[in-house]
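Here's a quick briefing for anyone opening this structure for the first time. Take a look at the fold, then read on.

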Amino acid sequence: MITIAYITARLDPRFDLFADSISPQLKPTDQVVFIDHYLEYDRNREAQYKSLVNGRFDMLHIPPKPSIWRGRHRKSRRAFADAAGARNTAAIVAEHDYIVFIDDLSAVY
């Protein structure tokens with residue numbers, strides 16, 4: 001049993017490629033966590049990506065945890081990348097002992 005974390009800060013992360021390639025390889029007990037920077041600003045994205053999955057696997061689609069570097073809670077004048085914060089978010093919600101991180105724009109064959 002593993003948790004697969006797909007992390008993105010792109011408007012079009014090509015999650016469809018990932019979903020098509022990973023769905024035949026998943027076991028029913030595996031967990032897919034989609035950490036999406038733009039979900040914080042556009043809640044319609046959740047329905048969009050849920051329709052891409054189309055029930056082939058269970059997916060948790062969440063924004064990264066609050067950060068001083070990016071998002072609504074940032075303390076800096078402009079947004080910075082916070083990949084570590086997104087990875088930490090995945091580690092917090094992971095249900096299994098093993099976690100695999102997948103970059104956006106990736107397919108798994």
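Which residue in strand 4 is the bridge partner of isoleucine 4? That would be valine 100. Keep in mind that this is a predicted model.

- Four strands make up an open sheet, and going across it you meet them in the order 3-2-1-4, with parallel pairing.
- At the edges sit strand 3 and strand 4 (98-103), each of which pairs on one side only.
- On average, neighbouring strands here are turned by 20° against each other, if you ignore direction.
- Strand 1 (residues 2-8) pairs with strand 4 in the parallel sense, over six bridges.
- Strand 2 (residues 31-36) pairs with strand 3 (residues 59-62), also in the parallel sense, and this time over four bridges.
- In general, strands of a sheet are held as pairs through backbone hydrogen bonds, in either a parallel or an antiparallel way.

**The helices**

- Follow the chain from strand 2 through helix 2 (residues 44-53) to strand 3 and you've traced a right-handed β-α-β unit.
- Helix 1 (residues 15-22) lies across strand 1, strand 2, strand 3 and strand 4, and it runs at about 160° to strand 1.
- Helix 3 (residues 83-93) packs on the sheet too, touching strand 1, strand 2, strand 3 and strand 4.
- The direction of helix 3 makes about 150° with that of strand 2.

**The largest pocket**

- The largest pocket has a volume of about 330 Å³.
- It's lined by 16 residues, and the closest to its centre are Ile7, Thr8, Ala9, Ala83 and Ala86.
- Strand 1, helix 3 and strand 4 are the elements that each give two or more residues to this lining.
- Sorted by class, the lining of the largest pocket has nine nonpolar, two polar and five charged residues.

**The second largest pocket**

- The second largest pocket holds about 170 Å³ of space.
- Its lining is made of Glu46, Lys50, Val53, Gly55, Phe57, Asp58, Met59, Leu60 and His61.
- Helix 2 and strand 3 each supply at least two of the lining residues of this second largest pocket.
- By class, the lining of the second largest pocket splits into four nonpolar, two polar and three charged residues.

Conventions. Residues numbered from 1 in each chain as written. Predicted model: local features only at pLDDT ≥ 70, side-chain atom pairs only at ≥ 80, totals over all residues. Heavy atoms only, no water. Pairing = 2+ DSSP bridges. Right-handed = clockwise from strand over helix to strand, strands pointing away. Axes fitted to C-alpha atoms, helices over the stretch in contact; angles between N-to-C directions. Contact = heavy atoms within 4.5 Å. 1 Å grid on protein atoms, 1.4 Å probe; cavity = no way out; pocket = protein on both sides within 12 Å on 5 of 7 lines; lining within 4 Å. Points joined across faces, edges and corners; volume = space filled by probe spheres on them. Nonpolar A, V, L, I, M, F, W, Y, C, P; charged D, E, K, R; others polar.
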